[in-house]
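Hi,

Here is the structure I promised to pass on. Have a look at it first, and then read my notes below.

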Amino acid sequence: QVQLVESGGGLVQPGGSLRLSCAASGSIFRVYAMAWYRQGPGKQRELVAVISSDGLTNYADSVKGRFTISRDNAKNMVDLQMNRLKPEDTAVYFCYADIQMEQTGSMRDYWGQGTQVTVSS
């Protein structure tokens, strides 16, 4: 079985910074794309940032220049550094990973449990 465990959410003032981390563990052969999604109050889940196993990144327009996604392939971890946070960044942030299972070789999508980020004065 595979688990994604997130950490680093919390309450921050507008203009502040937070760093989210996510670690994948379990019977993993290889982790391909990793990403962060978010779901704000009354909104649909949206992609925030994605990073390939080769380190190629892509960002939602709303976070470009403020957020940075990075990963450590040796540790199966992905981070999201969030700077200059705005109230509209308030959401539950979910970690995502596309994982090839060790025993079967099959591919499967995994999600973390979500971590709350609140930007408010």
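Let's start with the disulfides: the count comes to 1, taking a disulfide as a pair of cysteine sulfur atoms within 2.5 Å. Before going further, note that this is a predicted model, where local features need pLDDT of at least 70, side-chain atom pairs count only at pLDDT 80 or more, and totals for chains, interfaces and linings use all residues. Residues are numbered from 1 along each chain as its sequence is written, and side-chain values use heavy atoms, with hydrogens and water left out.

The disulfide runs from Cys 22 to Cys 95, with the sulfurs 2.1 Å apart. It ties together distant parts of the chain, as Cys 22 is in strand E3 (residues 18–26) and Cys 95 is in strand E9, 73 residues apart. (Strands, E, are DSSP runs of at least two residues, numbered from the N terminus.) The torsion about the S-S bond of Cys 22 and Cys 95 is about -80°, so this disulfide is left-handed.

Buried here means under 20% relative accessible area, exposed over 50%, and partly exposed in between, with a 1.4 Å probe and protein chains only.

Next, the aromatic rings. There are 3 aromatic pairs in the structure; rings of Phe, Tyr and Trp (its six-membered ring) pair if their centres lie within 6.5 Å, and planes under 30 degrees apart are stacked, over 60 edge-to-face, the rest tilted. Tyr 37 and Tyr 96 have ring centres 6.1 Å apart and planes at 70°, so they are edge-to-face. This pair also links distant parts of the chain: Tyr 37 is in strand E4 (residues 28–39) and Tyr 96 in strand E9 (residues 91–101), 59 residues apart. Tyr 37 is partly exposed at 21% relative accessibility, while Tyr 96 is buried at 13%. Ring pairs join Tyr 37, Tyr 96 and Trp 111 into a cluster.

Lastly, look at Thr 90, in the loop between strand E8 (77–82) and E9. Its side chain reaches the backbone oxygen of Pro 87 at 2.9 Å and the backbone nitrogen of Val 119 at 2.9 Å.

Cheers

Conventions: Helix = DSSP H or I, 4+ residues; strand = E, 2+ residues; numbered from the N terminus. Polar contact = N/O pair within 3.5 Å; in protein donor to acceptor, adjacent residues only side chain to side chain.
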